[in-house]
Amino acid sequence: MFSNSDEAVINKKLPKELLLRIFSFLDVVTLCHSAQVSRAWNVLALDGSNWQRIDLFDFQRDIEGRVVENISKRCGGFLRKLSLRGCLGVGDNALRTFAQNCRNIEVLNLNGCTKTTDATSLSEGCPLLEQLNISWCDQVTKDGIQALVKGCGGLKALFLKGCTQLEDEALKYIGAHCPELVTLNLQTCLQITDEGLITICRGCHKLQSLCASGCSNITDAILNALGQNCPRLRILEVARCSQLTDVGFTTLARNCHELEKMDLEECVQITDSTLIQLSIHCPRLQVLSLSHCELITDDGIRHLGNGACAHDQLEVIELDNCPLITDASLEHLKSCHSLERIELYDCQQITRAGIKRLTSTFTLTIAMGVLFLEQAFNKGADKVYVHINEGKLWKHIKHKYQNQE
C-alpha cells in the first residue's frame, strides 16, 4: 500500500533529475524501503540508474536465481558492478539471463558461487567485463575459461583462487586473449605448472599483481619469465612454492624494480642472497613475508636494513619461524623508520632485551611493553606482533581462538 503523499513538497519542488541524483547515493536496503513510501518514490527508487552498483553479500543466504534474473531485467544496461559473493543459490541459468540483460557490466564478483559451471557463458553478453572473481567456483574448467576470455578480451583483473580443476591449458587461453590483464590470482590452483604461467608472462606484459601461493609445481622458470616480461610487477605472492630459489629471485629483483609486496612464506630454499638482491634493486618494497624461510640470517636482514627501501618504504616484515634470526636483526631494522609491524613468532633467539633496544629507537613506554611481551611468552601465545607507528607501541598477542590487545 502506498501513502497519499505523492504530491509531497519535495516531489513538487525538485526536478526528477535532481531527485534521481539524491537517490543514487542510497544503498540497496534504503532504496527498497524508499520504494514503499509512495508511487512517486517507487518509480524513483527502482529507476535503473540507481542500480549501477549492487552488493548482495549481506543477503547471500536469501538470494536465489530468480532474484538475480529480476535485478538484471530491472537494471539492464545501467548495471556496472555486481557482487554475488557467497550466494550459493545462484547458478548458470540465472547468470545466463543476467549476461543477456546487463551487457555493460564491468565488475562481477561470483566468489563462492559454487553452482557456477562452464555453462554460465558470460562471454556471450558481457563484452565490457574488466574484473571477474570466480574464486572457489571449482566446477569451472579450461573450457569455461576459454569461452570467457574469447568474449571478454578487456579483462584487467581475474581471480581464480581455489578453482582446482584449472590446468595450464586455461592459462594459455588467458595469455593469448587478455593483453590488458593487470591482476591474476591463482592461489591453490594445484595443477598449474611453469608451462601455463610462462604463457601468462609472455602474453600479459602489463601484469602488476600475481598470486600463485600454493602452486607448488612452479620453479625458478616463472621468476625468470616475470623478470623478462613483466617489469611493472608490484605484488608477488608465492607462499608455499618450495621449489623457488635465490637464482630465480635474483633475476626477478634485477628486472622488476617496482615491487612493493612479496609473500615468500615457506619458500624454504631462499637464503640471504635473495634479501641482498631485493635490498639493491627494489627501492619501493613495503611488505615482505619471510615466515618459515629457515635459511635467512641476521646478515640478510642487515642488507635489507641498509637497502634502498629501508628508510621510508618498508612497513611490514614477517619473520615467523626463522630460527637463525637473533637480536642483531632487530638492530639492523632500526633504520626502517616507516616500519609498522614485525612478526617474530617462534624466533627462539629473539630476547626481550633485543625488543627493548628496538623500541628505544622510538618514543615509547618500554617497561609495560616488555612486561606484556614477557607475559605473552609465558602464556604460550601463538603469535607476537610488535607494532610501531607514530611513536606508539602496540603488542598484539594472537591466541588460537581469540585476539587480546
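Is Arg 234 buried, partly exposed or exposed? I looked that up before anything else, working on a predicted model. Arg 234 turns out to be partly exposed, with a relative accessible area of 26%.

**Entry: the partner of Arg 234**

I followed the side chain of Arg 234 and found a salt bridge with Glu 260, at 3.1 Å from N to O. Glu 260 sits in the loop between helix H11 (246-255) and strand E9 (261-263), and Arg 234 in the loop between helix H10 (220-229) and strand E8 (235-237), so the pair ties together parts that are 26 residues apart in sequence.

**Entry: other salt bridges**

I then ran the count for the whole structure and got 13 salt bridges. I picked out a few of them.

Glu 195 and Lys 172 form one, with their closest N and O atoms 2.7 Å apart. I checked the exposure of each partner. Glu 195 is partly exposed at 46% relative accessibility, and Lys 172 is partly exposed at 26%.

Lys 142 and Asp 143 also meet through their side chains, in a salt bridge of 3.4 Å from N to O. Lys 142 is partly exposed at 30%, and Asp 143 is partly exposed at 40%.

I also noted a network of salt bridges that links Asp 327, Glu 331, Lys 334 and Arg 357.

**Entry: the chain as a whole**

I stepped back for the overall numbers. The protein chain has 16 helices and 15 strands. Of its 405 residues, 48% are buried. Its accessible surface comes to about 18,600 Å², and carbon and sulfur atoms hold 48% of that. For contacts with a separation of 6 or more, I found that 73% are between residues 24 or more positions apart.

**Entry: cavities**

The search gave two cavities of 30 Å³ or more. The largest cavity holds about 160 Å³ of space. It is lined by 15 residues, and the closest to its centre are Thr 117, Thr 120, Leu 122, Gly 144 and Leu 148. Which helix gives the most to the lining of the largest cavity? That is H7, with four residues.

**Entry: cysteines**

How many disulfides are in the whole structure? My search found zero. I wanted to know the reason, and looked at two cysteines. The sulfur of Cys 163 has its closest cysteine sulfur in Cys 189, and the distance of 5.7 Å is too far for a bond. The sulfur of Cys 241 has its closest cysteine sulfur in Cys 267, at 5.9 Å, again too far for a bond. The cut-off I needed here is 2.5 Å between the sulfur atoms. Cys 163 is buried at 0% relative accessible area, and Cys 241 is buried at 0% as well.

I finished with a look at two single positions.

Asn 133 lies in strand E4 (residues 131-133). Is Asn 133 buried or exposed? I found it buried, with a relative accessible area of 12%. Leaving out neighbours within four places in sequence, Asn 133 is in contact with Leu 108, Asn 109, Leu 110, Asn 111 and Phe 159.

Ala 94 is in helix H6 (residues 92-101). Ala 94 is buried too, with a relative accessible area of 2%. Which residues does Ala 94 touch, not counting those up to four places away in sequence? I got Gly 65, Val 68 and Glu 69. I also took the C-alpha separation between Ala 94 and Ser 72, which is 9.2 Å for two residues 22 apart along the chain.

How values were computed. Residues are numbered from 1 along each chain as its sequence is written. This is a predicted model: local features need pLDDT of at least 70, side-chain atom pairs count only at pLDDT 80 or more; totals for chains, interfaces and linings use all residues. Side-chain values use heavy atoms; hydrogens and water are left out. A salt bridge is a side-chain nitrogen of Lys or Arg within 4 Å of a carboxyl oxygen of Asp or Glu. Buried means under 20% relative accessible area, exposed over 50%, partly exposed in between (1.4 Å probe, protein chains only). Helices (H or I, at least four residues) and strands (E, at least two) are DSSP runs, numbered from the N terminus. Contact means heavy atoms within 4.5 Å. Accessible areas come from the Shrake-Rupley method with a 1.4 Å probe; for residues, only the protein chains shown count as cover. On a 1 Å grid over the protein atoms alone, a cavity is a set of points where a 1.4 Å probe fits but cannot get out, and a pocket is an open set with protein on both sides within 12 Å along at least five of seven lines; lining residues have an atom within 4 Å of a point. Grid points are joined across faces, edges and corners, and a volume is the space filled by probe spheres set on the points.
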